[in-house]
Amino acid sequence: MMGKSIVCAVMLLVTMAAAQVPEYIKQCKRSDPELETCLKNSLHHLKPYLAKGIPEIKLPSVEPFIMDTLSLQLTGGPQGYRINLKNMEVFGASNFTVKALKLSEGSKPFEARLTIPKLLIHAKYTSSGVLIIIPASGSGDFDAVFDGVTADVKGRVSFNEKPTGTHMRVETLDLNLAIKKPRLSVSKIFNNNRILTEATNLFLKENGNEVLRALQPQLQKKLSAEFSGIANQLLENVPLQYFIED
């Protein structure tokens with residue numbers, strides 16, 4: 001009788017422990033010979049929860065996530081063409097596929113390669129200077145469509161003990177983007193002056209790759225900071241043993 005009670009108690013404890021694992025976590029076993037594949041699937045399992053947000057850990061939806069300001073000098077000279085982007089909304093980041101994942105070993109960083117079919121950016125736009133031979137100071141809306149995005153990610157994590165268990169924290173995160181096709185445009189600028197608007201859009205169309213190269217270092221730095229913040233909000237609230245059980 002006592003043996004049966006012990007078995008029941010153990011089963012109850014196992015059930016309670018399993019119930020603690022949130023629905024947005026797909027657990028992996030450390031002994032799994034395909035652990036990295038399992039973790040890739042866990043990240044894919046997390047995607048719809050990132051898209052809608054996870055209120056219980058105060059993780060907002062990443063569709064869109066908000067970035068602050070980017071400033072670009074696109075042509076040289078004292079009246080060079082300069083644009084500023086603010087109130088940036090980025091759509092599509094949750095629709096990622098993890099193509100490769102390598103866990104950190106010793107002092108080596110973790111590495112991952114993600115692909116995103118399409119990133120959309122909407123922002124408020126201001127410009128100053130001369131574009132070709134046309135004065136191009138104004139403000140309006142800026143839209144970018146980045147098709148075929150590949151993100152190579154490299155970073156380091158630390159571990160700390162809390163009452164809930166061992167927690168990870170992303171300490172550094174470097175992001176390198178490769179974009180197959182950038183499409184950039186502006187609207188509602190120069191008091192809807194058609195000639196200036198068309199001239200600006202023609203410049204952005206014909207020089208899209210050059211604009212992207214100017215934009216990319218700042219964009220990568222800001223995306224790295226945003227993704228680190230999202231990851232750490234999750235890791236701060238979810239102990240390591242929920243992700244990987246012994």
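This is a predicted model: local features need pLDDT of at least 70, side-chain atom pairs count only at pLDDT 80 or more; totals for chains, interfaces and linings use all residues.

Mentor: Happy to! Residues are numbered from 1 along each chain as its sequence is written, and side-chain values use heavy atoms, with hydrogens and water left out.

Trainee: Is S104 buried, partly exposed or exposed?

Mentor: S104 counts as partly exposed, because its relative accessibility is 36%. You'll find S104 in the loop between β5 (97-102) and β6 (110-128). Helices (H or I, at least four residues) and strands (E, at least two) are DSSP runs, numbered from the N terminus.

Trainee: Which residues does S104 touch, leaving out those up to four places away in sequence?

Mentor: S104 touches P109 and F110, where contact means heavy atoms within 4.5 Å. There is also a pairing across the sequence: S104 and V157 are 53 residues apart along it, and their C-alpha atoms are 8.5 Å apart in space.

Trainee: Zooming out, how many helices and strands does the protein chain have?

Mentor: The protein chain has five helices and eleven strands. Buried residues account for 40% of its 246 residues. If you take contacts between residues at least 6 apart in sequence, 66% of them join residues at least 24 apart.

Trainee: And what does the accessible surface come to?

Mentor: About 14100 Å² for the protein chain, with 57% of that belonging to carbon and sulfur atoms. Those areas come from the Shrake-Rupley method with a 1.4 Å probe; for residues, only the protein chains shown count as cover.

Trainee: New topic. How many disulfides does the structure hold?

Mentor: The structure holds one. A disulfide here is a pair of cysteine sulfur atoms within 2.5 Å. C28 and C38 form it, with their sulfur atoms 2.1 Å apart. The link of C28 and C38 is left-handed, at -95° about the S-S bond.

Trainee: What does that pair tie together?

Mentor: C28 is in strand β1 (residues 28-29) and C38 is in helix α2 (residues 35-52), so the pair ties together parts that are ten residues apart in sequence. C28 is buried because its relative accessibility is 1%, and C38 is buried as well, at 11%.

Trainee: Nice. How do α3 and α4 cross?

Mentor: Helix α3 (residues 194-206) and helix α4 (residues 208-237) have axes that come within 4 Å and cross at roughly 80°. Axes are lines fitted to C-alpha atoms, for helices over the stretch in contact, and angles run from 0 to 180 degrees between N-to-C directions. So α3 and α4 are roughly perpendicular to each other. For the wording: angles under 35 degrees count as roughly parallel, over 145 as roughly antiparallel, 65 to 115 as roughly perpendicular and the rest as oblique.

Trainee: Which residues meet there?

Mentor: F203, L204, K205 and E206 in α3 meet G208, E210 and V211 in α4. By class, that contact has three nonpolar, one polar and three charged residues. Ala, Val, Leu, Ile, Met, Phe, Trp, Tyr, Cys and Pro count as nonpolar, Asp, Glu, Lys and Arg as charged, and the others, Gly among them, as polar.

Trainee: Are K58 and N87 buried or exposed?

Mentor: K58 is exposed, with a relative accessible area of 71%, and N87 counts as exposed at 51%.

Trainee: Last one: where is G140, and what does it touch?

Mentor: G140 is in strand β9 (residues 138-162), and it is buried, with a relative accessible area of 12%. Not counting residues up to four places away in sequence, G140 touches A123, K124, Y125, S187, K188 and I189. The C-alpha atoms of G140 and S187 are 6.0 Å apart, although the two are 47 residues apart in sequence.

How values were computed:
Buried means under 20% relative accessible area, exposed over 50%, partly exposed in between (1.4 Å probe, protein chains only).
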